[in-house]
Amino acid sequence: MKNEKYLGILARQYPTEQSVITEIVNLQAILALPKGTEHFLTDIHGEYEQFSHVLRNGSGSIRTKIDEVFGNTETSTVKRSLATLIYYPKEKLEIAKQTEEDIDDWYTVTLHRLVAMLRRVSSKYTRSKVHKAMPEDFAYVIEELITEKEEVKDKQAYYNEILQTVIRIGAAEQLIEALCNMIQRLVIDHLHIIGDIFDRGPGPHLILDTLLGYHSLDIQWGNHDVVWMGAAAGSKVCIANVVRLCARYNNLDVLEEGYGINLTPLVTFCMKAYGKMDRQAIHKAILVMQLKLEDELIRKNPEFEMDHRLILDKIDFERKTINIDGREWDLNVKDFSVDMPTIDPKCPAKLSDDETVVLNRLVYSFTHCDKLQNHVRFLYRKGNLYKIFNGNLLYHGCMPLDSDGKFLKVKIYGKEVSGKALYDELEVWARKGYFAKPGSKDKERGENILWYLWTGPKSPLFGKEKMACFENMFIDDKEASREHKNHYYDEVEDEETVNSILEEFGLDTKTAHIINGHVPQEVKKGDSPIKCGGKLLIIDGGFAAAYHEKTGIAGYTLVCNSYGMRLVVHEKFTSCEQVIATDSDIVSDTIQVEKFPSRHHVADTDRGIELKEQISELEELLAVYRKGVRFSSES
């Protein structure tokens with residue numbers, strides 16, 4: 001029996017026997033509802049338009065619902081048009097007003113179709129949950145429309161009168177938009193973002209603005225996310241990496257216009273030191289600063305075991321070569337005074353006074369940017385290094401393994417950890433990097449860990465031997481830039497290894513899956529995202545445009561509903577404008593990853609476990625009430 005104090009607290013919420021009975025019946029009924037649909041996206045990399053469209057169409061979930069509702073009773077043209085309306089109601093309404101001969105008739109037909117759709121997508125939820133998803137202005141009207149049965153003779157006139165009145169008083173457009181938005185919201189119950197929102201594409205800030213308003217989601221940090229988190233925390237080395245990436249992918253507008261970061265000191269410095277102020281000069285200038293900062297950080301943190309990335313002191317300035325990992329490479333530098341004007345051959349890792357000024361100004365700009373700080377706090381609030389959700393394990397990169405396929409042991413400030421403990425320890429420090437007291441040792445160490453998570457060879461978010469920034473910029477021989485992956489990627493088809501990871505996180509090896517991203521699967525070369533018979537899914541298919549040529553597709557997403565899991569293979573997305581104009585959508589293929597032996601219900605989910613525990617507690621309270629025990633209001 002629960003202790004009397006706890007039952008007394010519970011009794012405040014349910015003060016009578018009847019209130020307890022009502023709640024038990026309610027919760028027990030919820031357990032029998034179908035499991036909500038989960039939507040998995042990873043490696044979005046700033047591709048806002050494609051992200052927005054995939055979010056709107058639920059990776060084909062809305063089209064599936066349209067087919068379920070209308071079957072062969074409507075033409076494919078009608079169904080495509082209805083789908084586009086649901087995705088982009090404002091834009092399609094404008095087109096309809098210009099092209100439809102009888103707009104009131106179009107409103108009537110469209111409203112009937114949308115109500116039928118909303119009835120279907122809301123059928124797996126409680127009335128309370130559906131009501132919470134309703135826009136306040138139309139809550140009464142929508143509730144009446146979706147709860148009344150149109151085919152019942154006594155209600156038909158009532159139902160039609162609601163719609164005709166809405167049209168007559170000029171509210172049809174608002175109601176259509178409200179219905180479309182509700183359908184979008186209810187078709188997906190929960191969203192998983194498995195890392196790498198930032199970099200490469202032009203709209204990470206727009207993606208985060210959208211996620212801030214999403215009804216239910218979690219985020220697993222990717223290495224491209226943590227480096228921005230480190231930058232927001234004030235880490236100079238993370239800031240240098242962020243600016244370099246924006247310059248490399250021609251996305252400096254993300255910093256200047258998206259976040260209002262002041263790049264004027266950096267541009268002025270480039271003009272003074274390099275004689276240029278273009279993107280290439282900015283890229284080279286900030287890379288040199290980054291390398292100097294990394295040199296200092298690596299030397300101060302021998303536990304990171306990154307001496308192989310101490311680059312600058314390996315340069316032979318006379319011969320214009322560099323020795324990396326015991327091999328000599330020719331540099332593409334014609335004149336060091338032009339290509340690396342701020343490097344002193346006698347002390348190559350020392351920042352110049354001008355570089356120090358630029359970095360200090362950037363730190364101020366990053367740490368005082370309200371929008372960036374808001375986005376990063378959201379990443380901390382909704383994010384983790386990994387997530388266990390409904391019996392599946394979600395993380396961005398990899399479980400670091402040694403050459404024997406065993407969990408790699410890593411020292412984190414004197415503490416040796418591996419497996420799940422490694423993730424947990426790194427997350428503690430990642431949070432300290434942002435939230436610890438400014439100027440404290442914990443904050444400094446936490447910022448260093450955020451950088452290490454971005455690029456460290458034993459980082460579960462990076463999982464590679466090195467990040468070849470210097471090699472890409474200053475060595476023409478592409479062999480120098482080769483980045484060797486962690487042994488995890490050699491073991492993804494080994495069931496014993498995959499099972500050991502699942503067991504490490506306390507999951508059932510017979511039913512659980514590992515779902516991660518980070519490494520684009522090159523479909524054109526025969527790569528498959530489905531590993532180890534479906535136990536492990538690497539769902540990075542190259543969402544970012546920079547990867548399309550490499551992968552041969554434009555990304556994977558994953559949908560898990562009450563019937564099973566399906567992988568969605570996306571073709572290249574052109575533009576929202578084309579979808580709206582032609583009802584073309586994204587052409588996608590679907591791969592059934594798993595079909596559940598029986599339909600999953602709320603009872604089979606994490607939420608179901610919580611509800612069962614609540615029911616047990618309420619039944620205990622009910623038993624106490626029936627014995628005549630009553631609690632005072634002060635219990």
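At what angle do helix α14 and helix α19 pack, and how far apart are their axes?

## Basis of the report

This is a predicted model, in which local features need pLDDT of at least 70, side-chain atom pairs count only at pLDDT 80 or more, and totals for chains, interfaces and linings use all residues. Residues are numbered from 1 along each chain as its sequence is written, and side-chain values use heavy atoms, with hydrogens and water left out.

## Two packed helices

Helix α14 (residues 236-248) packs with helix α19 (residues 353-367) at an angle of about 85 degrees, and their axes are 10 Å apart. The two helices are therefore roughly perpendicular (a term for angles of 65 to 115 degrees). In this contact (heavy atoms within 4.5 Å), α14 contributes Lys 236, Ile 239, Val 242 and Val 243, while α19 contributes Leu 359, Asn 360, Leu 362, Val 363 and Phe 366.

## Aromatic pairs

The whole structure holds 22 aromatic pairs (ring centres within 6.5 Å). In one of them, the rings of Tyr 87 and Tyr 88 have centres 6.4 Å apart and planes at 85 degrees, so the pair is edge-to-face (planes over 60 degrees apart). Tyr 87 is buried, at 1% relative accessible area (buried means under 20%, with a 1.4 Å probe and protein chains only). Tyr 88 is buried as well, at 2%.

Ring pairs also join Tyr 386, Tyr 395, Tyr 423, Tyr 488, Tyr 489 and Phe 505 into a cluster.

## A charge over a ring

The charged end of Lys 432 sits over the ring of Trp 429, 4.2 Å from the ring centre (NZ of Lys or CZ of Arg within 6 Å of the centre and within 35 degrees of the ring normal).

Note on methods: Axes are lines fitted to C-alpha atoms, for helices over the stretch in contact, and angles run from 0 to 180 degrees between N-to-C directions. Helices (H or I, at least four residues) and strands (E, at least two) are DSSP runs, numbered from the N terminus. Angles under 35 degrees count as roughly parallel, over 145 as roughly antiparallel, 65 to 115 as roughly perpendicular and the rest as oblique. Rings of Phe, Tyr and Trp (its six-membered ring) pair if their centres lie within 6.5 Å; planes under 30 degrees apart count as stacked, over 60 as edge-to-face and the rest as tilted. Buried means under 20% relative accessible area, exposed over 50%, partly exposed in between (1.4 Å probe, protein chains only).
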